[in-house]
Amino acid sequence: MIQQERMAVVQQEQIAKNIYELTLQGNIVQDANPGQFVHIRVSDSFEPLLRRPISIANINKEANEFTLIYRAEGRGTEILSQKQIGDEVDVLGPLGNGFPVDAVAEGGTALLVGGGIGVPPLYELSKQLKARGIRTIHVFGFATEDVTFYEEKFSSLGDTHYVTVDGTFGTKGFVTDLLGELTPEFDTLYACGPLPMLRALETFYPEKQGFLSFEERMGCGIGACFACVCKTTDKSEKDYVKVCSDGPVFAKGVVKL
Amino acid sequence: MSNISVQLPGLNLKNPIMPASGCFGFGKEFANLYDLSKLGAIMIKATTVEPRFGNPTPRVAETPAGMLNAIGLQNPGLEKVMSEELPWLERFDVPIIANVAGSLLEDYVDVARRISTAPNVKALELNISCPNVKQGGITFGTDPVVARQLVEAVKVVSKVPVYVKLSPNVTNIVEIAQAVEIGGADGITMINTLVGMRLDERTGKPVIANGTGGLSGPAVKPVAIRMVYEVYKAVEIPIIGMGGVTNAQDVIDFMSAGASAVAVGTSNFVDPFVCPKIIDELPKKLEELGVKRVKDIIGRSHR
Ligand SMILES: Cc1cc2nc3c(=O)[nH]c(=O)nc-3n(C[C@H](O)[C@H](O)[C@H](O)COP(=O)(O)OP(=O)(O)OC[C@H]3O[C@@H](n4cnc5c(N)ncnc54)[C@H](O)[C@@H]3O)c2cc1C
Ligand SMILES: Cc1cc2nc3c(=O)[nH]c(=O)nc-3n(C[C@H](O)[C@H](O)[C@H](O)COP(=O)(O)O)c2cc1C
Ligand code: FES
């Protein structure tokens, strides 16, 4: 169920250059699934006015906490990065449909591909896949070393490969360069990242089952305003989908790239 | 407790608060959050004869205390609105105001004729002011003669009272208001969004794919209040005011300027519970002012 809640800041830490890890406590956590997002109002004033969509990166239902990992670049995320322990944040969520964890059979292998700030939601996904007895392979691309994060955490869950555009960390290049070399065997692809990366993955693995998470500018975040609409391919029954309420995760081939 | 009910042509409103067109879809999403029967009315998303996909994305951009949108009247088309959206809304005890749009006069007439037969549609709102479609829309809203002719044509076929939604993108809004009143409009809704543009800091190009978009939110409230104030003085028909409403004080401001009821748009995105919150807050605010019936504050700026 979608709720609006003032969640308590339990922790806020900078984990890479302009990348923050924010842990929030509240009841929204109980309904959260990997790949879903929350819509955050960072200030009670009219500045900035709109909420900011951020993916849920790590869920801890026992502690009633989840973690968000975000890049502070614009006004809204900059204000969010100044929140301190004890502050409250106005959160609407959980929103959208996340990654289907049960799309891979037990004993199968999942390939998780992420780009930059698209990597966070893959962490909770990887945890839940592993808990179901699924092998995970992580291939993540970043611009430079100083914006990479969570390498150790992902390594503890499965095979982990980092790629940077300038080669300062891991292999040099794009995720598809490394995938070309690794030629990993897998059953299902899960990916989140910039559009060019998602597009490249669609052509790279035309026959594979996969789920891609999309980003689009949002108004309401709940499906009412038609801001976040994407055209679909003829493989879809619908003419269009809304990223916020039909997505942000779609089966490969549904959204026209 | 102050009485907050209001009677308008076709509309018996429990309270003067309703979500504005395009900011509430056809109600389904918000029905997951609260009981829609609590609302005074619902202004549904613009309906056109055929389904419309709308404009390319990005369709929205944030601006200081506001936002720009160029959705482009995306909607499932008249057939589906009649067979699915409106029947679904019948489970709630709330009057529906159907926002009607089109490119040609005939389109408005066709939509109005059918949609006004739906049992829960108690009034129409002619959208002659959408800044985001290439043809029609705003052109009907900027020329008083064309606006009047459109209202006359729709009045012939509509089974319910007809309200006309005015565009603020004109030099003289009073002239348009008077023209639609002469054309037989039962009421006026105002304002639609103000045409604006935001540039990307790096590229210098418009952020919205459509180039321009409609400005809404708290930033436009002073413009909206001024326009309601002017139109109230010039026409006899009632006004439903909107533009940047976020709380009960804003509602009181609009009603003081001359609105008989108030619609809430962009604020639904900021706080999806804003409408029920305002409805709960309003009686207290009125009591503070010593007002027994909300009707009594309509147009008090002018007395
Ligand atoms: C479903 C979804 C999940 C996301 N998850 C994450 C995440 O886990 N971590 C993370 O760092 N970022 C994530 N993003 C991107 C994040 O929403 C933007 O970085 C953020 O909104 C930028 O806000 P700002 O105040 O920094 O920028 P500003 O430039 O001030 O933003 C202005 C407006 O543009 C919107 N906007 C700007 N960039 C984006 C974008 N890339 N996507 C959508 N809207 C944008 C803002 O929401 C705001 O309305 C996600 C986006 C979506 C749609
Ligand atoms: C995303 C969005 C979509 C809108 N769609 C419509 C529409 O379909 N028809 C219409 O008459 N007005 C539409 N509007 C205008 C609003 O109904 C309202 O007139 C305007 O936004 C001013 O009110 P506000 O400041 O409270 O948002 C839209 C506004 C927004 C922000
Ligand atoms: S953001 Fe409003 S419909 Fe998706």
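The model is predicted: local features require pLDDT of at least 70, side-chain atom pairs count only at pLDDT 80 or more, and totals for chains, interfaces and linings use all residues. Residues are numbered from 1 along each chain as its sequence is written, chains are lettered from A and ligands numbered from 1 in the order in which they are written, and side-chain values use heavy atoms, with hydrogens and water left out.

## Sheets of chain B

Helices (H or I, at least four residues) and strands (E, at least two) are DSSP runs numbered from the N terminus. Two strands are taken to pair if DSSP finds at least two bridges between them. Strands of a sheet pair through backbone hydrogen bonds, either parallel or antiparallel.

In chain B, an open sheet is built from eight strands in the order E3-E14-E13-E10-E9-E8-E7-E4, with parallel pairing. Its edge strands are E3 (17-19) and E4 (42-47) of chain B, each of which pairs on one side only. On average, neighbouring strands of this sheet are turned by 25° against each other, direction ignored; axes are lines fitted to C-alpha atoms, for helices over the stretch in contact, and angles run from 0 to 180 degrees between N-to-C directions. Helix H7 (residues 221-234) of chain B packs on the sheet and touches strand E10 (187-190) and strand E13 (239-242) of chain B, where contact means heavy atoms within 4.5 Å. The direction of H7 makes about 165° with that of E13(B).

The bridge partner of B:Val60 in E6(B) is B:Asn69.

## Ligand sites

Ligand 1 lies between chains A and B. Of the 21 residues around ligand 1, those that come nearest are A:Arg52, A:Pro53, A:Gly76, A:Thr77 and A:Ile117; a residue is counted as near if one of its heavy atoms lies within 4 Å. Strand E4 (52-55), strand E6 (65-71) and helix H1 (75-80) of chain A each supply at least two residues of this shell, and E4(A) gives the most, with four residues. The shell around ligand 1 divides into eight nonpolar, four polar and nine charged residues. In this division, Ala, Val, Leu, Ile, Met, Phe, Trp, Tyr, Cys and Pro count as nonpolar, Asp, Glu, Lys and Arg as charged, and the others, Gly among them, as polar.

Around ligand 2 there are 23 residues, of which B:Ser21, B:Lys165, B:Gly217, B:Gly244 and B:Thr266 come nearest.

The table gives polar contacts of both ligands. A polar contact is a pair of N or O atoms within 3.5 Å; within protein, one must be able to donate a hydrogen and the other to accept it, and residues adjacent in sequence count only if both atoms are side-chain atoms.

| Residue and part | Ligand atom | Distance |
|---|---|---|
| A:Arg52, side chain | ligand 1, oxygen | 2.7 Å |
| A:Ser55, side chain | ligand 1, nitrogen | 2.9 Å |
| A:Ile69, backbone | ligand 1, nitrogen | 2.9 Å |
| B:Lys165, side chain | ligand 2, oxygen | 2.8 Å |
| B:Gly244, backbone | ligand 2, oxygen | 2.6 Å |
| B:Thr266, side chain | ligand 2, oxygen | 2.6 Å |

The protein covers 89% of the 830 Å² of accessible area that ligand 1 has on its own. For ligand 2, the protein covers 98% of 600 Å². Accessible areas come from the Shrake-Rupley method with a 1.4 Å probe; for residues, only the protein chains shown count as cover.

## Backbone features

The peptide bond from A:Gly93 to A:Pro94 is cis, with omega near -10°, and A:Pro94 is placed in strand E7 (residues 88-95) of chain A. A cis peptide bond also joins B:Thr57 and B:Pro58, with omega about -5°; B:Pro58 is found in the loop between E4 and E5 of chain B. A:Phe226 has a positive phi of about 65° although it is not a glycine. This residue, A:Phe226, lies in the loop between strand E13 (209-213) and strand E14 (229-231) of chain A.
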